[in-house]
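Me: I would like to learn how to read a protein structure one feature at a time. Could you begin with the idea I need before anything else?

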Amino acid sequence: MSNRFVVPKGPGPGFTPATPPGGDDPEEFRRLVAKIEAERQFQGRFYKDKCLRRRLEVRMRARGEDSFAGYATLLDDDPAEYEALLDTLTINVTKFFRDAGVWAAVREKVAPHLFEGPTGERSIWSAGCASGEEPYTLSILLREWAESNDRASEMGRFRILGTDIDRRSLETARRAEYSELSLSETPPEERARWFTESLPYRLAPCIREPVEFARRDLICDEPEREQSLILCRNVIIYFDREIQEEIFMRFYDALVPGGFLVLGKVETLLGRARSLFRPVSSRERIFRKPE
């Protein structure tokens with residue numbers, strides 16, 4: 001067999017690059033987004049156009065539509081398509097213990113403070129929780145920290161609320177039954193202790209107990225208040241800068257003095273919030289509201 005490298009030939013005469021679904025008609029795109037907003041209360045105008053177009057085009061390819069206008073007609077003819085569309089538009093990719101470094105930093109730099117201070121309820125908010133892996137991971141982490149520090153009796157103080165805009169994801173979260181993919185980053189010891197042995201992997205009742213779920217829209221709905229910790233990872237990056245700055249300030253107001261904010265690894269504070277929060281771990285995007 002020859003070891004020569006073969007240089008691929010370029011496109012021949014008359015070659016036309018493939019046109020992405022939707023084309024380049026900005027007016028059709030805006031009309032489609034307005035239609036989705038009006039009919040399904042999805043706040044698309046606050047998302048970055050590039051991200052929104054890319055996700056719309058995923059569904060358009062799946063349904064064989066090559067224009068925004070054609071896809072709008074399809075939504076009229078097949079309203080069930082909205083369910084698949086909204087699932088694509090919202091960000092639902094998550095796993096237990098995703099980004100191990102973040103959870104190690106939360107365990108070391110945040111968990112001890114959550115057990116400090118006067119007795120009473122500690123409210124924690126996982127914003128954009130998708131199918132629940134994040135708030136349940138936090139429940140595991142807090143229980144293990146409490147047990148290793150002889151504070152297990154205090155777990156009843158914690159209320160962890162997971163919120164998301166996607167109803168189907170919240171239904172999965174409430175069932176607390178997960179696939180192999182959801183556990184692919186879970187350390188073996190946690191997997192053996194807190195989950196059943198066979199599919200679907202079910203969480204232990206004591207981990208589920210502190211966690212509740214509710215549908216919330218980060219853009220439209222009032223934020224949860226008096227929070228000791230807010231986690232919102234890899235959600236805000238998809239919004240326009242103006243709404244990002246507004247949400248950061250809502251988080252600041254929602255936290256108790258000394259409360260913590262955890263963002264995604266590719267996200268950073270913007271606007272006024274940047275000067276108000278104190279960095280706890282810049283690498284892991286953990287910040288704290290001054291006491």
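Reply: A residue is called buried when its relative accessible area is under 20%, exposed when that area is over 50%, and partly exposed in between, using a 1.4 Å probe and protein chains only. This is a predicted model, in which local features need pLDDT of at least 70 and side-chain atom pairs count only at pLDDT 80 or more, while totals for chains, interfaces and linings use all residues. Residues are numbered from 1 along each chain as its sequence is written, and side-chain values use heavy atoms, with hydrogens and water left out.

Me: Is Glu 224 buried or exposed, and with which residue does Glu 224 form a salt bridge?

Reply: Side chains of opposite charge can pair when their charged atoms come close. A salt bridge here is a side-chain nitrogen of Lys or Arg within 4 Å of a carboxyl oxygen of Asp or Glu. Glu 224 is buried, at a relative accessible area of 13%, and it forms a salt bridge with Arg 216, where the closest N and O atoms are 2.9 Å apart. Arg 216, at 29% relative accessibility, counts as partly exposed.

Me: How many salt bridges does a search of the whole structure find?

Reply: The search finds 26, and one of them joins the side chains of Arg 225 and Glu 222 at 3.5 Å, N to O. Arg 225 is partly exposed at 42%, whereas Glu 222 is exposed at 61%. Elsewhere, salt bridges that share partners join Arg 59, Arg 63, Asp 78 and Glu 81 into one network.

Me: How should I read the sheet, and in what order do its strands lie?

Reply: Strands of a sheet pair through backbone hydrogen bonds, either parallel or antiparallel. Strands are DSSP runs of E with at least two residues, helices are runs of H or I with at least four, and both are numbered from the N terminus; two strands pair if DSSP finds at least two bridges between them. In this model 7 strands form an open sheet with mixed pairing, in the order S5-S2-S1-S6-S7-S9-S8. Its edge strands, S5 (211-215) and S8 (278-281), each pair on one side only. Strand S7 (residues 255-263) and strand S9 (residues 286-288) pair in the antiparallel sense over 3 bridges, and Val 262 has Ile 286 in S9 as its bridge partner.
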